[in-house]
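Student: I have a model open and want to learn how to read its features. Where do we begin?

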Amino acid sequence: MDSTSFLQAEFIIIKYERTDHYKKENFMTNFAVIGPGAVGSVITNELRNAGLDVKLFGRKEQQITLLSAQQVKLNVSSLVVNQQQFDFIFVAIKATKIAEIKDALIKMCHDGTIIIVCQNGMGQLPEFTMAPAFQAAVYISGQNKEGHITHFRDRKLILPNHEQMLRLKTLLHDTQLEVIITDDQKTLLWYKMLVNLGINTVTALAKNTAVIMEMPAVEKMVRELLAEGIMIANSEGESFQESDIDEILAIYAGYPPDMGTSMYYDTMNNRLLEYEFIQGEFLRLAQQHKLNTPVLDICCTLLAAYQYNKK
Ligand SMILES: NC(=O)c1ccc[n+]([C@@H]2O[C@H](COP(=O)([O-])OP(=O)(O)OC[C@H]3O[C@@H](n4cnc5c(N)ncnc54)[C@H](OP(=O)(O)O)[C@@H]3O)[C@@H](O)[C@H]2O)c1
């Protein structure tokens with residue numbers, strides 16, 4: 001055997017061993033998803049379709065319907081009675097509910113467990129002290145109507161560059177989830193914060209869907225809000241530019257007019273908003289950096305008033 005074919009043979013053996021190891025690890029790894037809502041059901045379904053060992057948890061044992069590429073029924077297990085431990089746990093409840101699941105989450109973790117926080121917002125990661133936790137910038141758009149979930153678009157999770165996230169990406173290789181590993185996770189989380197700041201704020205306050213972006217006055221307000229958001233993010237070390245506003249507006253323009261946002265659906269259902277983790281976080285930082293943010297201030301006053309005395 002000449003040296004080239006020897007190297008090729010060695011490469012094939014290593015590749016085979018890696019594939020074999022990957023298959024073995026895939027077979028042995030178990031996943032939990034907490035939160036049988038828009039995001040959690042899509043993640044569960046994609047893992048299930050790829051033959052991975054995944055269990056979906058909610059408040060109680062039930063069955064939910066997910067309308068994605070096809071309509072499927074997903075079994076939900078009760079979080080409170082669970083005794084099983086998991087290698088990877090996707091947390092897909094709203095950030096306002098983290099305290100409610102902490103005890104159950106502690107029981108679900110072993111020494112090697114990794115938590116993926118699939119939530120919008122910033123500032124919640126330190127709540128997850130029970131295991132190493134990483135926040136995903138989540139691009140999965142869906143609507144949850146009392147256990148009937150409609151998946152509108154996207155299946156993307158953006159994760160930080162870390163060996164455990166690279167391992168996760170490999171494990172999810174056969175799923176339809178688009179897992180992106182980045183060195184710029186903080187910037188991409190800020191970008192997601194800005195995307196949420198504009199559309200979530202106006203759809204929640206107007207109690208209307210993305211169709212309102214057709215109104216020039218709403219577009220003007222969103223542009224001003226985003227400009228203030230960018231000023232805040234840049235005070236935190238980011239370097240967004242005015243052109244990013246056009247880019248975000250183009251994202252909104254791609255939304256179906258009847259599509260709501262997470263905050264829109266929460267207001268329609270009279271639920272608490274993730275205000276503290278999105279607009280509230282922008283406001284806290286604006287005050288910390290002594291920035292002038294008149295549009296954000298008014299929006300935050302109204303959103304805080306919506307939350308007032310609500311449980
Ligand atoms: N929906 C979207 O399009 C979208 C897009 C990107 C990012 N996100 C983010 O993803 C995260 C999840 O949002 P989502 O829209 O998927 O929320 P969702 O549809 O409201 O689903 C959350 C699920 O978690 C359950 N839950 C709440 N508290 C629980 C508890 N203590 N124990 C067990 N289950 C509990 C809820 O049940 P109950 O209804 O009984 O409370 C609900 O089934 C949020 O941070 C959101 O901002 C959402």
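Tutor: With one residue. This is a predicted model. Ser262 has a relative accessible area of 26%. Buried means under 20% and exposed means over 50%, so Ser262 counts as partly exposed.

Student: Which helix holds Ser262?

Tutor: Ser262 lies in helix H8, residues 262–268.

Student: What does Ser262 contact beyond its neighbours within four places in sequence?

Tutor: Those contacts are Lys94, Asn200 and Glu274. Compare a C-alpha distance: Ser262 and Ile199 are 63 residues apart along the chain, and their C-alpha atoms are separated by 9.8 Å.

Student: Now helix H4. Which of its residues are buried?

Tutor: Helix H4 spans residues 163–171, and its buried residues are Met165, Leu168 and Leu171. They sit on the same side of H4, because they cover an arc of only 115° around the axis.

Student: Next, pockets. Which residues line the second largest pocket?

Tutor: The lining includes Met122, Phe134, Pro160 and Lys186. Strand S7 (133–135) and helix H5 (185–206) are the elements that give two or more residues to it. The pocket volume is about 160 Å³.

Student: How do the residues of that lining divide into nonpolar, polar and charged?

Tutor: Seven are nonpolar, three polar and one charged.

Student: Where does UniProt place the ketopantoate reductase N-terminal domain?

Tutor: The UniProt entry, which is unreviewed, puts "domain: Ketopantoate reductase N-terminal" at residues 32–162. Over residues 32–162 the chain is 18% helix and 48% strand. The end C-alpha atoms of that stretch are 20 Å apart.

Note on methods: Residues are numbered from 1 along each chain as its sequence is written. This is a predicted model: local features need pLDDT of at least 70, side-chain atom pairs count only at pLDDT 80 or more; totals for chains, interfaces and linings use all residues. Side-chain values use heavy atoms; hydrogens and water are left out. On a 1 Å grid over the protein atoms alone, a cavity is a set of points where a 1.4 Å probe fits but cannot get out, and a pocket is an open set with protein on both sides within 12 Å along at least five of seven lines; lining residues have an atom within 4 Å of a point. Grid points are joined across faces, edges and corners, and a volume is the space filled by probe spheres set on the points. Helices (H or I, at least four residues) and strands (E, at least two) are DSSP runs, numbered from the N terminus. Ala, Val, Leu, Ile, Met, Phe, Trp, Tyr, Cys and Pro count as nonpolar, Asp, Glu, Lys and Arg as charged, and the others, Gly among them, as polar. UniProt positions are given in the numbering used here, feature names are shortened, and annotations may be inferred rather than shown by experiment. Buried means under 20% relative accessible area, exposed over 50%, partly exposed in between (1.4 Å probe, protein chains only). The arc is that of the directions from the helix axis to the C-beta atoms. Contact means heavy atoms within 4.5 Å.
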